[in-house]
Amino acid sequence: MEIINRALVVCVTVGFLGLLAFSLGLSAEIKRIKVSDVTFTSYHECTHPRSVAFALGLTASLSLIIANVIINVSAGSFCCLLSLAVLLLLAGTSLNDYKSSKGSTIVGTKCYLVKPGVFVGGAVVSLVNVATGIVYYLMTVSMIKKLEGENGGAVGYPNPGKGIQLA
């Protein structure tokens with residue numbers, strides 16, 4: 001019964017963090033800096049206001065990282081999982097933090113902005129990431145329960161006489 005309660009707490013916590021990352025990613029998409037927010041101060045320089053999308057994207061990334069850490073630690077897996085969602089959210093976040101851009105190309109002034117859909121992509125991939133993480137965790141818990149039942153509570157040690165011929 002203890003494993004079931006722990007699994008419920010882990011799944012609810014990770015699910016909440018995943019939904020939080022998703023909603024913050026969508027909010028960051030709405031609040032991102034748009035072309036209409038950019039002002040050109042000279043031919044080689046543009047400025048734009050700081051957007052709240054920076055904080056939203058950063059918080060979404062952190063909640064997704066925390067969810068991945070909880071899944072990995074709870075499942076006993078200590079691999080480092082950096083997802084595409086974190087990369088998308090952090091890329092959009094970093095581009096929304098610029099105060100000004102200087103430089104020119106052959107065509108003219110360059111001013112870096114987040115393209116539409118980057119935050120939405122990160123939000124959707126974060127939901128997929130968390131859902132697969134929860135499935136992975138539940139499969140791990142299920143396997144542990146199965147092994148405990150077969151081996152009389154000892155996980156990882158084969159039961160003598162079951163499938164192994166002793167001479």
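**Close-up 1. Helix 4 gives the largest share of the lining of the largest pocket.** Four lining residues come from helix 4. The model shown here is predicted. The pocket has a volume of about 150 Å³. Its lining includes Tyr137, Thr140, Val141 and Ile144. Glu2, Ile3 and Arg6 also line this pocket, as do Ser74, Ala75 and Gly76.

**Close-up 2. The lining of the largest pocket, by residue class.** Five lining residues are nonpolar. Three are polar, and two are charged.

Close-up 3. Helix 2 has 23 residues. From its first C-alpha to its last, helix 2 reaches 33 Å. That is close to the 33 Å expected at 1.5 Å a residue.

**Close-up 4. Leucine 90 in helix 3.** Helix 3 covers residues 84-95. Leucine 90 counts as partly exposed because its relative accessible area is 36%, between the cut-offs of 20% for buried and 50% for exposed. Leaving aside residues up to four places away in sequence, leucine 90 touches Leu58 and Ser61.

**Close-up 5. Leucine 90 and phenylalanine 119.** These two residues lie 29 residues apart along the chain. The C-alpha atoms of leucine 90 and phenylalanine 119 are separated by 9.1 Å.

Notes: Residues numbered from 1 in each chain as written. Predicted model: local features only at pLDDT ≥ 70, side-chain atom pairs only at ≥ 80, totals over all residues. Heavy atoms only, no water. 1 Å grid on protein atoms, 1.4 Å probe; cavity = no way out; pocket = protein on both sides within 12 Å on 5 of 7 lines; lining within 4 Å. Points joined across faces, edges and corners; volume = space filled by probe spheres on them. Helix = DSSP H or I, 4+ residues; strand = E, 2+ residues; numbered from the N terminus. Nonpolar A, V, L, I, M, F, W, Y, C, P; charged D, E, K, R; others polar. Expected span 1.5 Å × (residues − 1). Buried < 20%, exposed > 50% of the residue type's maximum accessible area, 1.4 Å probe, protein only. Contact = heavy atoms within 4.5 Å.
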